[in-house]
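The report that follows is meant for a reader who is meeting this structure for the first time. Please keep the sequence and the 3D view at hand while reading.

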Amino acid sequence: MDLAQLQALDNEFVLHTYARYPVAFVRGENARLFDISGKEYVDFASGIGVCSVGHANARLAEVIAKQAKNLLHTSNLYYIEPQVRLAQRLVSLFCGVDSKPMRAFFCNSGAEANECAIKIARKYGAQRGAHKIITLDSSFHGRTIASLKATGQPKMHAHFGPYPDGFVYAKDIDDIYNHLDKHTCAVLLELVQGEGGIAPMDREKVKALSKHLRAEQILFMVDEVQSGVYRSGEIFASRIYGVQPDVISMAKGLAGGVPIGAVLTTLGDIFEYGEHGSTFGGNFLSCAAALEVLDILYENYTNGSLKERIIAFESALDSLLKDFGHIFLRRVGLGLMCGLHTHNADMLPTIISAALESGVIVLKSGKGVLRFLPALTIHKDDINEGFSRLREALANL
Ligand code: PLP
């Protein structure tokens, strides 16, 4: 099938929820992608931060194939060894600053993980007569009705109401305090807003907030769907911030492209049997894949190669900023969740299309930010080649 045929069929049979670029990829190799016409690209997006160990990772592929030949799924009515091992691994990897015991729940996406977080908060709140959840302006928490309502971008809420009530948006961390009251059961936030401009929150303010919420017995919930699983340079960005959230949600890079979502919580007894669940969540396939991804990333973390890649990426971004100061204002982000703030947000679509034309894949974030979420296993040569292609695209704008 060629691109034109694919586009025609997509247009006819698939709901029009995505404005797609005119490209169809057929094959990948770590941070390189190849399209239907044979053109090769450097991938600085990794499927929006999903392909954490790169495309066609041989170790991950082998584990997935082996698991598929053995057992994919049995349902959560029975014990699932990879699920138990993944829960144990995530809890021990998190190992928070004051390390309260945690338990895990598994689902299939970031929105579902946040849905579980919201349910935990509501159940916790119901025990105290409180149901209000505070989130931040410009946040993004997912597209199910509750996670969409938690998303502090009211323009996204049009057409889908009525919504569950009790969600309140604060302008920033300082403003959260203005909304706290006896009806508040939780605060949910991203430490680095993915859709909201890749701007990391202030570390001291986050620490103070977490301390205050604990004193007030209000849950501190962190959405690490994008920032989690080593993307920040640590297993969770919460580690960098020196906080132990009561609830952490994660998804994206956890199983390297196999759908998975997870929640870790210190409220290990919040649900009774039957109060929450997921048909596919935590099945053999996704958990076996996640265990292998965590092994690979842990090795990259402990041998220093992840850190080296972060430094190489940061210096390439700094040098781009220096040479294209008329386009970019400043570098933003944390680890390999990074970006360049543009002077003029209207230029982003042109930049992204020109980059694609030059053979490098980049993303946008809200507030005029060119976003980069490369595979955490990206090679230095690919970083160099990708930035050289990006320079070429920018020079020709
Ligand atoms: N939370 C954050 C911070 C995200 O970046 C995303 C997805 O981009 C989500 C939640 C929703 O995840 P999903 O698309 O897997 O439902």
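## Cavity, domains, sheets and pocket

By the rule used here, the count comes to one cavity of 30 Å³ or more. A cavity is, on a 1 Å grid over the protein atoms alone, a set of points where a 1.4 Å probe fits but cannot get out, whereas a pocket is an open set with protein on both sides within 12 Å along at least five of seven lines; lining residues have an atom within 4 Å of a point. Grid points are joined across faces, edges and corners, and a volume is the space filled by probe spheres set on the points.

The model is a predicted one, in which local features need pLDDT of at least 70 and side-chain atom pairs count only at pLDDT 80 or more, while totals for chains, interfaces and linings use all residues. Residues are numbered from 1 along each chain as its sequence is written, and side-chain values use heavy atoms, with hydrogens and water left out.

The domain assignment of the chain gives domain 1 (3-56 + 304-396) and domain 2 (71-302), the bounds coming from an automatic or database domain assignment. The C-alpha centres of domain 1 and domain 2 lie 26 Å apart, and the contact takes 29 residues from domain 1 and 29 residues from domain 2, where contact means heavy atoms within 4.5 Å.

Helices (H or I, at least four residues) and strands (E, at least two) are DSSP runs numbered from the N terminus, and two strands pair if DSSP finds at least two bridges between them. Seven strands form an open sheet with mixed pairing, in the order β4-β10-β9-β8-β7-β5-β6. Because β4 (103-107) and β6 (167-170) stand at the edges, each with a single partner strand, one side of each is left without a neighbour in the sheet. Neighbouring strands of this sheet are turned by 20° against each other on average, direction ignored; axes are lines fitted to C-alpha atoms, for helices over the stretch in contact, and angles run from 0 to 180 degrees between N-to-C directions.

Helix α4 (residues 81-94) packs on this sheet and touches β4, β9 (247-250) and β10 (261-265), its direction making about 125° with that of β4. Helix α5 (residues 110-126) also packs on the sheet, touching β4, β5, β6, β7 (184-189), β8 (219-223), β9 and β10, and its direction makes about 175° with that of β8.

A second open sheet has four strands in the order β1-β2-β3-β13, again with mixed pairing. Its edges are β1 (25-29) and β13 (360-361), each with a single partner strand, so one side of each is left without a neighbour in the sheet. Helix α13 (residues 380-395) packs on this sheet, touching β2, β3 (40-43) and β13, and its direction makes about 105° with that of β3.

| Strand pair | Sense | Bridges | Opposite residues |
|---|---|---|---|
| β5 (132-136) and β6 | parallel | four | I133 and F167 |
| β1 and β2 (32-35) | antiparallel | four | E29 and R32 |
| β11 (328-334) and β12 (337-342) | antiparallel | six | V332 and G339 |

In the hairpin of β11 and β12, which has two residues between the strands, G335 takes a positive phi near 60°.

About 1100 Å³ of space lies in the second largest pocket. Of the 30 residues that line this pocket, the closest to its centre are Q83, R103, A104, F105 and Y273. The elements giving two or more residues to the lining are α4, β4, α5 and β10, and the largest share, four residues, comes from β4. By class, the lining has 17 nonpolar, nine polar and four charged residues.

The loop between α6 (145-150) and β6 holds P162, which is joined to G161 by a cis peptide bond with omega about 0°. H159 is found in the loop between α6 and β6 and has a positive phi of about 80° although it is not a glycine. Most residues other than glycine have a negative phi, and most peptide bonds are trans.

Methods. Nonpolar A, V, L, I, M, F, W, Y, C, P; charged D, E, K, R; others polar.
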